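Please consult the sequence and the structure shown below while reading.

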Amino acid sequence: MYGKSDVSLPRRIVCLTAEHVEICYALGAGDRVVGVPGTADRPPEARDKPRVGGFTSFRVDRILGLEPDLILAFSDLQADVSAELIRAGMTVLCTNQRSMDEILQAISIVGACSALAGPAIDLVQDMRDEIRQVREYSSMWPRRPRVYFEEWPDPLVTGIRWVSEVIEIAGGRDIFPELREGRTARERTVSADEVARRDPDIILASWCGKPVDLVAIAARPGWQGVSAVKSGRVHEVDGADILCPGPSVLVGLRRIHELVQSSLEA
């Protein structure tokens with residue numbers, strides 16, 4: 001319910017990324033979302049909203065036609081469309097979360113901008129509680145399997161910071177922890193030889209919207225002796241569960257936690 005003092009609150013929101021769609025719906029602002037990207041599949045009801053483009057390619061005329069009073073964007077990859085929309089007189093909030101803490105902060109910021117600070121506080125606390133529970137559970141395991149996460153196959157790109165943190169919360173050990181601070185994919189490029197040398201026990205892959213070829217990964221030259229390949233522990237993780245820096249990252253956490261636990265029980 002909105003009172004007379006709420007007339008200035010955003011009532012027509014366009015989201016340019018899937019995680020912002022999820023955040024808005026999780027906070028109870030789904031009815032105010034009037035435009036979504038083509039990648040928005042969660043929650044299911046968001047699929048019926050008008051589509052305004054992809055992750056980096058948008059129909060600005062379509063966005064403007066929806067008459068939004070708030071546009072939610074993400075990262076430097078949407079800097080150009082954000083600038084174009086700002087020049088057109090739109091209000092744009094561009095978050096740039098790269099860590100688990102920053103994901104929670106982004107939820108709080110969107111909640112504050114939408115006059116839903118209370119629900120945002122509750123959601124963030126629920127997420128913190130689940131993270132803590134998984135961390136405490138996995139901390140009792142006798143060892144931490146080595147995990148290689150592949151975000152792209154050519155060139156090989158390892159996981160962004162929140163993915164590295166999820167691996168550790170889930171009970172694994174990221175084999176490239178020194179690269180987690182790299183905010184761009186270029187800064188997280190690795191060689192196939194170095195992956196093999198670090199000998200992961202588990203290989204996880206999510207190729208940014210492209211289907212993962214697990215057979216091709218296992219067949220890479222020099223990887224036949226890698227522990228993960230020898231044991232058959234090469235797995236795809238749905239990008240919507242792990243590469244979307246919003247509430248769904250906990251789905252990825254649960255999945256990776258299960259895979260790590262399974263490797264220990266073998």
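This is a predicted model: local features need pLDDT of at least 70, side-chain atom pairs count only at pLDDT 80 or more; totals for chains, interfaces and linings use all residues.

Across which strands does helix α4 (residues 100-113) lie? Helix α4 lies across β3 and β4, and runs at about 165° to β4.

- An open sheet is formed by 4 strands in the order β2-β1-β3-β4, with parallel pairing.
- The edge strands, each pairing on one side only, are β2 (33-35) and β4 (92-95).
- From one strand to the next, the twist averages 30°.
- Strand β1 (residues 13-15) pairs with β2 in the parallel sense over 2 bridges.
- Within this pairing, I13 stands opposite V33 in β2.

**Helices across the strands**
- Helix α1 (residues 18-26) lies across β1, β2, β3 (70-74) and β4.
- The direction of α1 is at about 130° to β3.

- Helix α5 (residues 117-138) packs with helix α11 (residues 249-265) at an angle of about 10°, and their axes are 11 Å apart.
- The two helices α5 and α11 are therefore roughly parallel to each other.
- On the α5 side, the contact is made by M127, E130, I131, V134, Y137 and S138.
- On the α11 side, V249, L250, L253, R254, H257 and Q261 take part.
- The residues of this contact of α5 with α11 comprise 7 nonpolar, 3 polar and 2 charged.

Conventions:
Residues are numbered from 1 along each chain as its sequence is written. Side-chain values use heavy atoms; hydrogens and water are left out. Two strands pair if DSSP finds at least two bridges between them. Axes are lines fitted to C-alpha atoms, for helices over the stretch in contact, and angles run from 0 to 180 degrees between N-to-C directions. Contact means heavy atoms within 4.5 Å. Angles under 35 degrees count as roughly parallel, over 145 as roughly antiparallel, 65 to 115 as roughly perpendicular and the rest as oblique. Ala, Val, Leu, Ile, Met, Phe, Trp, Tyr, Cys and Pro count as nonpolar, Asp, Glu, Lys and Arg as charged, and the others, Gly among them, as polar.
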